Amino acid sequence: MKEEIKEFFESQLKNWELARRNFEALNFVKKKPFKCGVLNGFVQYNPARSVSTLAKVDKNSIANRKCFLCDENRPNEQMKFELIPGWNLLVNPFPILPFHFTIVNSKHTPQKLDVETGIELARQLPRFVVFFNDDGAGASAPDHMHFQAVPIEELPLIKLLDTGIKDLKTDKLPFKILTEKEEIKTCKDPMNVYFWLPEVDKEVKFIAIPRKAHRPREYDMQPPSRRAISPGAIDMAGIIVTPIEEDFDLTVDKDIENIYHQVGFIDE
């Protein structure tokens, strides 16, 4: 991590009680492993994520709430760090991982993938994965263009692609992955897209997971069938997050495979 970004992060935790409390709480979240195809990940019980996981993302709800990514609506304690012109790094106050940033456009403009911006942001954040949640693929703020970033070593899927998987056609993942820039740019489905700059490489890598559903059917069911899991890029990369402890306790490998198959495409 660049020193100035590390200092920015530490300053935010020092001066922003909500963020500090939620990052400290990560030391005590419950986790359990799962395996789905060649993907070895874990389920995380994280009650602070209810803000995102349980967010109403229908057009009416979005239209009738203030945008929490706009400068004028953010908490006074939430500072910004300009990464590239027009794009500001923010500490995410509801983290999933020990370093968790949101990168927001300085203008209030709808969420729409910009591959070149993703590549440039990844260059500015070596050893981080910069990722994008499309509208309909996990974005809880589809009205304001943004990316997020977490450390590479924290995401099981990215670690697997970097070190442990040789052939996507024979080493089966539980969903289809796009690897070519043009097919990502021309894909009409909502997507989760990842950009990262490996330590041994000087070229930014990127992949996309096309989505056929925002949430699984079980999201709207009643217990014990309910699974309050709203998969975004982090979930699709092997960290399944739920803010409800009962759902965490009940979720097993077959549930995760079922969720992946409902929201993603199976690569035949």
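I began with Pro-224, which I found in the loop between β9 (205–210) and α8, where helices (H or I, at least four residues) and strands (E, at least two) are DSSP runs numbered from the N terminus. A cis peptide bond joins Pro-223 to Pro-224, with omega at about 5°. I noted for comparison that most peptide bonds are trans, and that most residues other than glycine have a negative phi.

Before going on, I wrote down that this is a predicted model, in which local features need pLDDT of at least 70 and side-chain atom pairs count only at pLDDT 80 or more, while totals for chains, interfaces and linings use all residues. Residues are numbered from 1 along each chain as its sequence is written, and side-chain values use heavy atoms, with hydrogens and water left out.

Next I looked up Arg-127, which has a positive phi of about 70° although it is not a glycine. Arg-127 sits in the loop between α5 (115–124) and β6, and I found it partly exposed, at a relative accessible area of 29% (buried means under 20%, exposed over 50%, partly exposed in between, with a 1.4 Å probe and protein chains only).

I then turned to α5 itself, where 7 of its 10 residues are buried, among them Val-115, Ile-119 and Leu-121. At the start of α5, a side-chain oxygen of Asp-114 comes to within 3.2 Å of the backbone nitrogen of Glu-116.

Leu-83 counts as buried at 11% relative accessibility.

Is His-100 buried or exposed? I found His-100 in the loop between β4 and β5 (101–105), and at 0% relative accessibility it counts as buried. The side chains of His-100 and Gln-148 are joined by a polar contact of 2.7 Å, a term for a pair of N or O atoms within 3.5 Å in which, within protein, one must be able to donate a hydrogen and the other to accept it, residues adjacent in sequence counting only if both atoms are side-chain atoms. Beyond four places in sequence, His-100 also touches residues including Arg-49, Asn-92, Phe-131 and Ile-234.

On a 1 Å grid over the protein atoms alone, a pocket is an open set of points where a 1.4 Å probe fits, with protein on both sides within 12 Å along at least five of seven lines, and lining residues have an atom within 4 Å of a point. Of its 43 lining residues, Arg-49, Ser-52, Phe-68, Asn-92 and Ser-140 are the closest to the centre. Elements giving two or more residues to the lining include α3 (50–53), β4 (87–91) and α8 (233–236).

Of its 37 residues, Leu-155, Leu-157, Tyr-194 and Tyr-260 touch the most other members. A second, separate core of 35 residues includes Phe-9, Phe-23, Val-91 and Leu-121.

How values were computed
Core = buried A, V, L, I, M, F, W, Y, C linked by side-chain atoms within 4.5 Å. Contact = heavy atoms within 4.5 Å.
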